Amino acid sequence: MLTLAAQMLRHRKGSFVATFVALAAGVAVLMACALLVESGRHYHGQSQRYAKTVAVVADRDLTLSTEMFGETERTTITLPERGSVPASLAGRLAAVPGVERAVGDRSLAVTATSAPDVPATGHGWASTALAPYRTVDGSPPRSDGEIAVDTRLLAGTGLGPGDSTEIITGGASRTYRISGVVEAADGATSSDDAVGGAAIFFTDAHAARLDPHQGRFDAIGVLAAPDADRAALLAGIREVAEGAGATTYTGDDRGLAEQPEARTARDFTLQAGVAFGGYAAMIIIVFVVAGTVGLSVRHRCRDFALLRAIAATPGQVRRMILGEVGLLALLAAVAGVPLGLLATGWIRDELVARGFAPGSFTMRGGLLSGAAVAVAVAAVALTSAWIAALRTTRIRPTEALGEAAVETGLGSRARVVTGLVFLAGAVSLIGLTGATDGQTALGAAVGMLYTFVLAIALLAPWINQAAARFLGPVLQAVWGNSGHLAAANLRANARGTVAVLTALVLSVGLGGSVWFLQDNLRRQTVVQSRDGTLAQHALVSGTGLPESATEEARRIPGVTAATGVRRTSVVVRGDLEAQAVVAQGIDPRGADRTLDLRVRSGSLNALEKGTVAVSTATADTAGWELGGKARLWLGDGTPVTLKVVALYERGFGFGDVTLHTGTLTGHTVTGLDDQVLVRTAPDADAGTIEALTDLAARYPAASVVDTDTLTGELAQDLAVSGWLNKLLIAVLVGYAVLAAANTLNHGGASPQPGTVPAAPDRRHPRPGQADGPRRTGRSARGGARHRRNDRRHHPHLGRQRPRRTAHPVRPGRRLDRHRRRHRRTRADRHDAAHRPTPAHPTGPGHRHPRVGPAERNR
């Protein structure tokens, strides 16, 4: 049967090409999603500065517990502001048996003016022992005015030991003398951020003064003694770290401690791969692959009926069908897996270019993903083919021949009832979506979408038939006979086009929802930011601005108000799980003249340390009220309980949480403001703008821009973040088109050579047709005599009377089993009385026709 299956593939190229394309494209898309998930699962960043450590103790994530349906659900969130550990923890770790040394590491945001495009971080000199770094030239820094720099930072600058350079840190530019040049022990010289960026080393005392997190370390690296028991050492380190609320990173996980952005990238790729793969699997596997394969099998029921009629067993036919689909699945895997690898490489480059992942993110795996995807697609295809072939292989061969030319019913009563139940549920969710807001409304909208899709998938045959009936006149009026034939074909093949309708509805519904949701979110964010910004100018800097910049701006003649804005994120516990939300820190003095958050209740003038203003959507989700207490976690994981003093509406444009700048002091990475909003008086002259420009010149990398420029940059950032959603929509629409093309290809294909033609209408025999209408009683017996006489005088006819199962008067109606058995038995009894008995010696079952005397004398 495998040989026959291969021959069938060769002689039915058009039908099998459509199935092959569907399978290969499905393997490619799912391969890309699976490889994205596998790469994210294996990605741990790259540990360079902590390469010599046995363990790194840091605080990079926050785990919260939520009670849901009587069970405890734990959610782990990567801290937006890295997190830190107490400096005193280093002494306790050093006391663990087997620890040679515990070194605290500080990570400072710095920029070298000589190489502004090279990412760099500042550290204390003691942390060089963790990599370890070796001195290539010069000596370690010995005073606050000296630094040792990484060789990657000096590449192409012409600087060396003894030269001076400008370093921007803490919102100020300082001049340092280069005392030495260092290099990591592994000899890394890459200038990109694939290995964590370049390093600048200060003296330990100076680094502590520059660090905005006084009394804390970014991480603590532990060096093991040469003869230490590794298992006992790690157990002791974990015990001490857990007591301080920190996490111990060992092995490859040390890269997550060195590169916190690696954890964010890993979570993003995992979530994107799972979500994208789930949507793609629903479209590809459930609707396109299953529908295309099933339709291909059903379209060739006449071939299978012919095989049954020539004595092929049901098992042989099923094995042939499975062999065909198995060969196609194997070929699709061979073509689809390499395409998936190419697509994944392109996606990786786009993720890095758009800032979703660091340069060290690489695609890993492939063998496991390819095998899993190929098996999954093949299993669905084989199952679909098996189910589609059950009807043809279970019934009698003659029944299969009769049913091959007749369209099957639209569906069972259970299908109709189930579809109506889903439809009613989807309609009820419309009211729930409109009556709620926030996460509840979003969940109801998603549930409504999927419920509608399931309802349409179940009711699709009746929807297709009704659409063809009502739109037939319109199609005929517009396209004439072609429109009439199209409507007639849809009405006759209503069940065969279910995959087209379902794929189109799911693509339009899901794709439209994602598209419009993203578009509305971007529009609302931009509109709220534009309408809520009352200031005309903004002082911005890529390295941050100190609070003194805001005070100086307020003293400029013609400036009526200036507000420093510090962007961050906080963790809020919602109804279902905790999540990080966008927040901002401001100095409320004069904020009502630079910002309009559209406060619904309360006042921003009451904002001070220990208080918070929140958006109405976040307040509803978290259950906060005006005057009540709001418990949340700052970006570095510090828990705080604040009093709610204002509720506002413009959360998309300005963040869901607004804090006093003093509340954020010491809890952000840089401790600096991102921008200063400046509002000038209506009668301000050019001297005011000139004074603002001079103020910007006193701060490194600072400039004065119009607030409209900030709104435009915000729109661009949102457009970049929506790229992945648009990619998902493109795949959904593409697969919907593929499903429609495959279905129309199968549905519109003409019978191939060798197929069984449609069963003739027995009520109107054609000229020369041996069988006329089926008769009963005396007519049946008389007809039998005429047929026997025909066989006597026309031996070439043989015994051609098939066992028909059609109703004798209404061919479209089949007889039940008892009546069929009764009619066959009565006809067989009548034929047996007049049947010639001699058998032909050369073949069983073949009998000599009875001839008359005249013919014998010849």
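**Ground rules.** I am working with a predicted model, where local features need pLDDT of at least 70, side-chain atom pairs count only at pLDDT 80 or more, and totals for chains, interfaces and linings use all residues. I number residues from 1 along each chain as its sequence is written, and side-chain values use heavy atoms, with hydrogens and water left out.

**Strand 22.** I started with strand 22, residues 639-648. My helices (H or I, at least four residues) and strands (E, at least two) are DSSP runs, numbered from the N terminus. Which strands pair with it? I count two strands as paired if DSSP finds at least two bridges between them.
- Strand 19 (residues 599-602) runs antiparallel to strand 22 and is joined to it by three bridges; I found Ser601 partnered with Leu647.
- Strand 20 (residues 611-615) pairs with strand 22 in the parallel sense, over five bridges, and Val612 stands opposite Val644.
- Strand 21 (residues 629-633) pairs with strand 22 in the antiparallel sense, again over five bridges, with Ala630 opposite Leu642.

I also checked the hairpin of strand 21 and strand 22: five residues lie between the strands, and Gly637 takes a positive phi near 90°.

Is strand 22 enclosed or open? I use buried for under 20% relative accessible area, exposed for over 50%, and partly exposed for in between (1.4 Å probe, protein chains only). Seven of the 10 residues of strand 22 are buried, so the rest of the structure largely encloses this strand.

**Salt bridges.** My rule is a side-chain nitrogen of Lys or Arg within 4 Å of a carboxyl oxygen of Asp or Glu. How many salt bridges does that give? I get 23.

I looked at Asp61 and Arg263, whose side chains meet at 3.1 Å, N to O. Asp61 sits in strand 2 (residues 61-68) and Arg263 in helix 8 (residues 260-299), so this pair ties together parts that are 202 residues apart in sequence. Asp61 counts as buried at 15% relative accessibility, and Arg263 is buried too, at 16%.

Next came Arg566 and Asp673, a salt bridge at 3.0 Å, N to O. Arg566 belongs to strand 17 (residues 559-573) and Asp673 to strand 24 (residues 673-680), so parts 107 residues apart in sequence are tied together. Both of these residues are buried.

I noted a network of salt bridges as well, linking Glu551, Arg554, Asp587 and Arg589.

**Val416.** I found Val416 in helix 13 (residues 413-435), partly exposed at 24% relative accessibility. Its C-alpha atom is 7.0 Å from that of Leu458, 42 residues away along the chain. Taking contact as heavy atoms within 4.5 Å, and not counting residues up to four places away in sequence, Val416 touches Leu459 and Trp462.

**Nonpolar cores.** I define a nonpolar core as a set of buried Ala, Val, Leu, Ile, Met, Phe, Trp, Tyr and Cys residues joined through side-chain atoms within 4.5 Å. The largest has 34 residues, of which Val56, Tyr249, Leu351, Leu510, Trp723 and Leu727 touch the most other members. Helix 24 (residues 723-748) gives the most to this core, six residues.

Leaving aside neighbours within four places in sequence, Trp723 contacts Trp346, Glu350, Leu351, Arg354 and Phe356. Another core lies apart, with 30 residues, including Phe16, Leu23, Phe304 and Val377.
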